[in-house]
Each structure stands twice: as C-alpha cells, then as structure tokens.
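Hi everyone, thanks for coming.

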Amino acid sequence: MSVNISVRNAVKRYGAVTIIPDLSIEIKDKEFFTLLGPSGCGKTTLLRMIAGFNTIEGGEFYFNETCINEMEVSKRNIGMVFQNYAIFPHYTVQQNVEFGLKNRRLSRDEIKNATREFLELMQIQEYHDRMPERLSGGQQQRVALARALVIKPDVLLMDEPLSNLDAKLRLEMRQAIRNLQKEVGITTVYVTHDQEEAMAISDRIAVMKDGVIQHVGTPQEIYHRPANIFVATFIGRTNLLNAHYSAANKSIQLDDFSFPMENIAASEEGPVVLSIRPEDFTMSKEDSGGIKSTITDSIFLGLNTHFMVALPGGQEIEIIHESVLDLDFKSGDRVYLTIKVDKINVFSEDGNRNLSRDV
Ligand SMILES: Nc1ncnc2c1ncn2[C@@H]1O[C@H](COP(=O)(O)OP(=O)(O)O)[C@@H](O)[C@H]1O
Ligand SMILES: [Mg+2]
C-alpha cells in the first residue's frame with residue numbers, strides 16, 4: 001500500500017533553537033516529492049521527523065488518516081536510502097537485500113523470489129553473490145535501493161542518495177531512481193540541495209529556506225513562476241533588474257525603456273525587481289525597437305554561449321544564446337535586446353512577493 005503524507009504545522013526545536021517554526025505540506029499518494037534547499041535549511045531534519053528518528057515539538061504528521069506522531073519507527077513501514085550507502089560490508093548483495101525480509105515470517109522461497117525481483121529491477125542480479133567492496137558506488141546505491149524497497153514499504157525516504165557519486169553516475173542513477181519509483185508506484189520524499197537534480201527527478205518540489213517552505217509546485221511552475229526572489233535565484237539562473245511599475249499605464253520602466261505589462265495583480269506603483277532568465281532575451285544587431293546595449297564578455301560553452309551585456313543604465317545581465325555556427329556577437333558589439341515579456345517575473349521591491357497574476 002502506498003499513502004499520502006500530511007504534515008500539519010510541524011515544529012522542530014533543538015534546545016532553544018527553532019529549526020522549523022511552522023511547516024505544513026501535503027504529499028500525494030505515489031508522488032515523487034522533493035525537499036530542496038541550501039545546506040542547513042532543515043531538509044534532513046524534516047525527513048527524520050517523517051521517519052520517526054526525530055522528536056516532534058509541535059504539529060501532526062499523518063500517513064493517510066493515521067497520525068504517526070507517536071508511532072514507533074518500525075511500525076511506520078518506511079524504506080530509507082541515505083547518502084552513505086549503509087549496506088552491510090560483510091554480507092553479499094543478495095544477503096543485504098534479503099536482510100529486511102528475514103524478520104517477516106516469509107518462507108525461504110518467498111524471500112528468494114522477492115529478492116530476485118528487486119535485484120532484477122535494479123539491474124544488479126548478476127552481482128548477487130558479490131561483496132559490497134567489489135561494487136562501484138552506483139552499484140552499492142542500487143543495492144541500498146533494492147533493500148529499501150524489497151520490504152514493500154508505504155513510503156520511500158531518500159536523503160541526498162546521489163551526492164557521493166561522480167557526475168556521470170549521478171545522471172544515470174537519477175534516471176534509474178525515477179523509473180523505479182514510477183514502476184513500483186510508491187510515495188517518495190527525496191532530499192537534495194541540487195536544484196537541477198530536483199527538477200529532473202520530481203513530480204513536485206518544496207523549496208525550503210531556514211526551515212520555511214518558500215514554494216511548492218511542479219518543476220515547471222517553480223521555474224517559470226517562482227514565488228519569490230529566493231526561489232527565482234535558487235532554481236536555475238536569472239537576471240535581477242531594478243525597474244519601476246506604473247499601474248496607470250500597466251507598464252514597466254527599465255532605465256529609459258518602457259514596455260507594457262498586463263499580467264500584474266498588484267495595484268501599487270513603484271520600484272519592483274524583474275527576474276528575467278538568460279534565455280528569455282533576444283539579441284539583434286539591427287535596431288527593431290529593442291534596448292540598446294553593449295556586449296562586455298562572452299563565454300563559449302559548446303551547446304550555448306553566455307554573453308555578459310551592459311544595459312544603458314549600467315545594469316549587467318547574462319544572456320544565453322545557442323552556439324550556432326554563424327553567431328556573430330563579440331565583446332564590444334552594440335546590440336538591441338528584446339525580452340519575452342510573458343516570461344518576465346515581477347517581484348515586490350523586498351523580493352518576497354511575485355506580483356504576476358498567475359502565481
Ligand atoms: N541533532 C542536532 N542538534 C542540534 N542542531 C541540529 C541537529 N541536527 C541538525 N541540527 C541543525 O538543524 C539545522 C538543519 O539541519 P539539517 O536538517 O541537517 O539541514 P539540511 O539537511 O537541510 O542540510 C542546521 O542548522 C543544523 O545545524
Ligand atoms: Mg541534510
């Protein structure tokens with residue numbers, strides 16, 4: 001059985017220090033849900049509260065209709081995978097996976113069959129009689145996953161499971177985890193500080209800062225319409241520009257350039273901060289009504305080239321342009337910029353609110 005997880009007004013304190021002041025989330029049945037945030041923001045703390053390894057200083061945790069606050073760890077039926085693989089070095093791969101089933105009153109055949117099923121699912125059946133020291137990091141993490149899942153848990157909790165792997169393996173394993181989670185169909189809470197990993201793997205993401213959830217949404221929602229400037233800058237790259245919003249004309253003034261902006265819910269006038277992704281500008285040598293700017297630097301990165309561009313008022317931005325063969329832009333060039341206006345996010349001056357209507 002898989003469950004939905006409901007966290008209502010959770011509080012976590014260590015002594016006098018409050019790590020999580022008041023946190024609520026709803027994680028859906030079979031969802032791949034990721035807690036994303038900088039190191040120290042409380043991701044592991046929250047995950048350990050769900051698992052039952054941490055005391056709870058306030059609020060309620062539910063699996064479906066059942067409050068689990070007082071439930072023992074062993075009764076929660078959770079599978080866990082950590083950063084350090086935590087598999088037994090003196091057991092073979094097969095024995096490691098069988099381990100969780102040994103106390104479950106299953107017949108030898110049932111244990112064997114279940115173990116084989118998950119070794120095959122994780123594509124490590126051929127290593128079943130190897131000792132862990134003779135496996136790569138990625139293979140060891142596959143063993144840890146198979147062992148976590150073979151007990152048919154209601155919930156799978158993973159805390160930075162890929163951070164000890166090299167870059168190439170990380171990509172491979174995140175795809176494997178994603179496929180596995182869909183195939184098994186299990187509610188999963190995944191912790192990472194890597195925004196790209198979170199976007200690639202998750203159905204939904206909760207972005208955290210200082211124990212407070214900043215935004216919950218799909219990777220697309222969070223990328224395109226971040227709730228505040230922290231989220232806009234933590235997810236992907238963006239340019240932040242000081243500008244002015246005029247409610248009367250429904251327009252944005254950026255330096256001496258102005259353009260219409262219909263999509264704003266706020267009625268207040270005044271200083272705002274624009275967040276514009278580097279791919280949402282178009283550069284042209286011809287003046288077709290764009291912002292007259294100057295290229296100050298460029299970095300060729302293969303697929304794309306990154307340009308640093310100075311706006312007339314002195315603000316600097318980064319623009320990403322596909323590296324086509326006849327790309328004719330270089331440092332010192334005068335260019336005219338147009339912006340994909342519907343992609344712009346307009347934030348309150350303090351950065352705490354996205355003023356766009358559809359957020
Ligand atoms: N056992 C503990 N005692 C005191 N403070 C702790 C303990 N565990 C974590 N913390 C503190 O709680 C905060 C959140 O930690 P953690 O949940 O591990 O962050 P993350 O996983 O997001 O990097 C940090 O400031 C950390 O120092
Ligand atoms: Mg952590």
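Among contacts in the protein between residues at least 6 apart in sequence, 65% link residues at least 24 apart, where a contact is a pair of residues whose C-beta atoms, placed from the backbone, lie within 7 Å. Please keep in mind that this is a predicted model, in which local features need pLDDT of at least 70, side-chain atom pairs count only at pLDDT 80 or more, and totals for chains, interfaces and linings use all residues. As for labels, residues are numbered from 1 along each chain as its sequence is written, while chains are lettered from A and ligands numbered from 1 in the order in which they are written.

Now the overall picture. The protein has eight helices and 20 strands; these are DSSP runs numbered from the N terminus, H or I of at least four residues for helices and E of at least two for strands. Its C-alpha atoms fill a box of roughly 75 × 50 × 35 Å along the principal axes. Of the 359 residues, 35% count as buried. Buried here is 20 or more other C-beta atoms within 10 Å of a residue's own, exposed is 12 or fewer, and partly exposed is in between, with C-beta atoms placed from the backbone.

Next, the domains. We have domain 1 (5–229) and domain 2 (230–348), with bounds that come from an automatic or database domain assignment. Their C-alpha centres lie 39 Å apart. How many residues of domain 1 are in contact with domain 2? Twelve, and they meet twelve residues of domain 2. On the domain 1 side, the elements giving two or more residues are β9 (204–209), β10 (212–217) and α7 (219–224). That side has six nonpolar, four polar and two charged residues. For those classes, Ala, Val, Leu, Ile, Met, Phe, Trp, Tyr, Cys and Pro count as nonpolar, Asp, Glu, Lys and Arg as charged, and the others, Gly among them, as polar.

Let's go inside. In soluble globular proteins, nonpolar side chains tend to be buried together. In this model the largest nonpolar core has 83 residues, and Ala146, Leu157, Val207 and Leu274 touch the most other members. By nonpolar core I mean a set of buried Ala, Val, Leu, Ile, Met, Phe, Trp, Tyr and Cys residues joined through C-beta atoms within 7 Å. Helix α4 (residues 137–149) supplies the largest share, six residues. Both domain 1 (5–229) and domain 2 (230–348) give residues to this core, so it lies between them. Leaving aside residues up to four places away in sequence, Leu274 touches Leu241, Ala243, Ile252, Leu254, Ile344 and Val346.

Stay with α4 for a moment. Eleven of its 13 residues are buried, so this helix is largely enclosed by the rest of the structure. Which residues surround ligand 1? They are Tyr14, Ile19, Gly37, Ser39, Gly40, Cys41, Gly42, Lys43, Thr44 and Thr45, taking a residue as near when its C-beta atom, placed from the backbone, lies within 6 Å of the molecule. The shell divides into three nonpolar, six polar and one charged. Helix α1 (residues 43–51) gives the largest share of the shell, three residues. In α1, the buried residues are Lys43, Thr45, Leu46, Leu47, Met49 and Ile50. After α1 comes Gly52, with a positive phi near 100°.

Finally, a few spots further out. Asn9 lies in strand β1 (residues 5–14) and has a positive phi of about 55° although it is not a glycine. Asn9 counts as exposed, with 12 C-beta neighbours inside 10 Å. Lys152, in the loop between α4 and β7, also has a positive phi, about 50°. Is Lys152 buried or partly exposed? Lys152 is partly exposed, because 16 other C-beta atoms lie within 10 Å. Arg105 sits in the loop between α2 and α3 and is exposed, with 7 C-beta neighbours inside 10 Å.

Technical notes. Two residues are in contact if their C-beta atoms, placed from the backbone, lie within 7 Å.
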